[in-house]
Amino acid sequence: MKLLAVLTIVTPHVNYVAILPELILIGGALLLLVSGQLVFAKIPTAFYSIGSGAIAAAALVASLVIWHDVQARGPFTTIADSVAVDGFAIVFLVLVSCILILASAIANDFLVREGIDGPEYHVLALLAGSGAMLMAAANDLILIFVALEIMSIPLYILAGMDSRRRESGEAAIKYFVLGAFSSAIFVYGIALVYGATGSTNLPQIASYLNTNIITSNGVLLAGLGLLLVGFGFKVSAVPFHMWTPDVYQGAPTPATGFMTALAKAGGFAALLRVFFSTFGVLRTDWQPLLWAIAIVTLLLGAILGLVQRDVKRMLAYSSINHAGFILVGLAAATSQGISGSVYYVFVYAILVLGSFAVITLVGGKGDENHDLDAYRGLGRRQPVLAFAFALLLLGQTGIPLTTGFLAKLYVITAAVRAHSYALAVIAMLSAAIAAAFYLRLVFLMYGVKLPVGSGGDEGALSLPVTGEPDDGLDPTGSVPTGVNIGRVVVPVPTAVAIFVTVAVTVVFGIWPGPLVDFVHAAHFLF
Amino acid sequence: MTHVLAATIPDAITFVMAAAICVVGALGVVLARNPVHSALMLVMTLFGVAVLFVEEDAQFLAAVQVIVYAGAIVVLFLFVIMLLGVDQKEVFQRDPLPAQRPVAIALGILGLVEVLVLARGRWPSGARSVSGAIGSPASNVSLIGRSIFTTYLLAFEVTSALLAVAVVGAVVLARRPRHSVGGNEDSTGPVAEPDDDLGGPDDTEPEGVEETIVGSGTPRGESGDIKTSGSLADVEVTGP
């Protein structure tokens with residue numbers, strides 16, 4: 001009888017609605033994978049793309065259903081407290097669904113153009129999306145780790161999808177080796193936190209820390225530091241950013257945009273929850289650390305972005321700079337700062353998807369045409385595309401009347417309210433530095449001559465560019481040597497995706513109410 | 001510290017010996033010149049960890065450790081090493097950042113010292129474990145099963161998504177491109193076959209010498225001659 005009692009296991013109650021978006025994505029990905037094998041005819045890529053978009057849209061609907069649930073009944077946890085269903089998680093569920101819908105439209109045209117058949121790209125993207133959703137909803141360190149891997153491993157593979165370009169394979173290996181290393185560090189951090197607090201469940205850790213005064217917390221602090229290393233790698237915060245430029249440059253361009261948006265969303269979701277919500281008691285311990293990381297991330301991203309000739313590398317450094325801004329909100333360690341960070345992640349993910357969609361188009365067949373020269377005179381040749389790209393870049397700069405401005409405003413305001421004035425000043429300074437390389441691209445597209453500088457030649461810009469050719473180029477769209485400038489083909493799905501990202505950026509920049517309210521409802525469960 | 005002192009003498013001796021085996025094995029993995037030796041040293045480390053598990057009354061975990069890691073995974077490593085060619089020599093001539101090694105060592109020691117100072121020699125600070133007290137009447141297996149199907153149910157179940165990713169990813173990466181640069185249409189070649197006509201601009205190297213990344217753990221059909229331009233692994237390999 002005693003043996004029987006030991007063996008009887010009462011499995012926890014599973015609220016399937018609470019994890020419905022993740023289930024839809026995983027099940028949909030598997031369905032997409034086998035659907036190609038059910039018929040003998042070759043299925044066109046568009047079928048998989050539409051399927052992927054539809055699955056993501058279903059996940060979006062499911063997320064909104066849960067949103068309605070939480071609004072009505074309040075946040076709750078399920079499956080043995082391992083999933084938190086709160087406003088914070090749902091904002092990220094919605095964001096990830098939107099990323100997937102936009103990314104499947106953008107990827108479709110790339111896959112058709114490059115002749116990459118089969119459902120694998122979309123299957124991997126959907127599975128990565130489910131991982132990012134789980135990271136946002138996870139309420140247990142073990143689940144965060146598994147979700148981190150589900151998100152990361154498809155991204156490593158997507159980086160290496162383009163097997164005809166050597167850089168793609170290089171990017172995949174680099175991302176994989178360094179990513180595996182950072183995951184191992186992250187697990188070590190989990191082990192040490194478990195050793196120090198006796199639990200991997202976030203609320204239990206928090207309540208343990210709240211009810212006990214820990215006199216010797218070496219293990220706990222070491223674990224916390226290692227967790228920060230793992231998260232820092234995912235969001236490319238500065239000491240752990242080394243992989244970013246090479247991987248962004250090498251990965252197929254639509255995969256780069258998707259990777260940026262998704263890894264930032266998933267990584268920051270878990271980072272904000274673990275540090276602010278779980279280890280909030282220890283904020284005097286981790287705040288200086290995050291303060292320092294935020295400062296070096298802001299400055300290094302902005303300064304190194306200035307000297308890049310490759311647009312993808314430039315946006316890689318820009319993404320590092322943006323990661324710094326999001327960390328500013330966390331370093332403030334107030335609920336206002338967290339709201340600012342969440343808003344920033346939301347806005348930046350949309351902006352970066354649109355930007356990389358344009359870069360995918362300009363890259364042309366072979367995905368090689370990413371030099372700054374490819375953008376010279378784009379405003380004359382294709383005014384609409386150039387205007388959209390200019391708006392997206394201005395959004396990233398933080399020009400007023402775009403969402404990017406509000407995002408920067410919120411995190412900097414939070415930093416000021418938390419009395420970290422130095423951080424706020426450095427953040428604004430880095431925004432000014434970063435504006436130089438965004439605006440340089442905009443000027444390049446419209447052939448604006450910069451009044452300053454020693455360049456002298458028409459169209460030659462004075463900002464430092466490594467290996468700038470001595471150009472007697474005129475900005476009206478004549479062909480620079482070695483750069484293939486033709487008319488950029490703009491397929492309809494990508495055009496729609498770019499339009500949506502621009503519309504979100506401008507509309508919610510002018511009329512911020514709805515999006516801000518939505519993000520402000522992103523409260524933690526505890 | 002207090003735990004070590006409170007333990008019985010045999011326990012302490014076992015711990016010290018097993019820990020020494022682990023550390024020596026781990027150093028061997030990094031320092032051995034021959035990749036096969038590295039793999040075998042890894043087995044030693046894994047056995048040391050298994051002993052530590054036994055010492056913690058986690059016999060099931062120790063058995064799994066030996067069977068899965070030492071038995072299966074290291075054998076897989078050896079397969080990969082053999083397929084890549086065991087008699088290749090690594091030449092570490094081009095270290096792009098020669099200063100990084102001393103700096104890394106210095107920073108590592110600094111971090112360790114910092115943690116030691118913070119801990120002030122008193123390590124354990126926390127609550128008791130939640131998933132099975134040592135010495136409870138239930139067996140190891142049932143405690144682990146209970147954990148997997150209660151506390152960690154979701155984490156356990158979603159690892160299936162990870163397996164799906166692994167399957168899809170392996171197929172994607174091992175597949176040869178249909179329109180490769182050199183017009184290679186062969187889709188049936190063995191996985192680790194050295195690439196011959198995928199070449200871009202790097203094919204000016206002498207015959208039989210190719211650049212590859214060794215030890216990254218991913219046998220990839222197309223990665224045979226990846227040109228690494230960054231600082232991660234500039235490793236030159238002389239072919240047989």
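This briefing looks at salt bridges and at how buried some of their residues are. The model is predicted, and a search of the whole structure finds 15 salt bridges over all chains. Side chains of opposite charge can pair when their charged atoms come close.

**A link between distant parts of the chain**
- The side chains of Arg165(A) and Asp367(A) meet in a salt bridge, with an N to O distance of 3.7 Å.
- This pair links distant parts of the chain, 202 residues apart: Arg165(A) sits in the loop between helix H6 (141-159) and helix H7 (166-197) of chain A, while Asp367(A) sits in the loop between helix H14 (335-363) and helix H15 (378-381) of chain A.
- Arg165(A) and Asp367(A) are both buried.
- Arg165(A) and Asp367(A) also belong to a network of salt bridges, in which they are linked with Asp162(A), Arg164(A) and Glu167(A).

**A pair within one helix**
- In the salt bridge between Lys174(A) and Glu170(A), the closest N and O atoms are 3.2 Å apart.
- Both of these residues, Lys174(A) and Glu170(A), lie in helix H7 of chain A, where four residues, or about one turn of the helix, separate them.
- Lys174(A) is buried, as is Glu170(A).

- Asp373(A) and Arg376(A) form a salt bridge whose closest N and O atoms are 2.9 Å apart.
- Asp373(A) has a relative accessible area of 5%, and because buried means under 20%, Asp373(A) counts as buried.
- Arg376(A) is likewise buried, at 5% relative accessibility.

Note on methods. Residues are numbered from 1 along each chain as its sequence is written. Chains are lettered from A and ligands numbered from 1 in the order in which they are written. This is a predicted model: local features need pLDDT of at least 70, side-chain atom pairs count only at pLDDT 80 or more; totals for chains, interfaces and linings use all residues. Side-chain values use heavy atoms; hydrogens and water are left out. A salt bridge is a side-chain nitrogen of Lys or Arg within 4 Å of a carboxyl oxygen of Asp or Glu. Helices (H or I, at least four residues) and strands (E, at least two) are DSSP runs, numbered from the N terminus. Buried means under 20% relative accessible area, exposed over 50%, partly exposed in between (1.4 Å probe, protein chains only).
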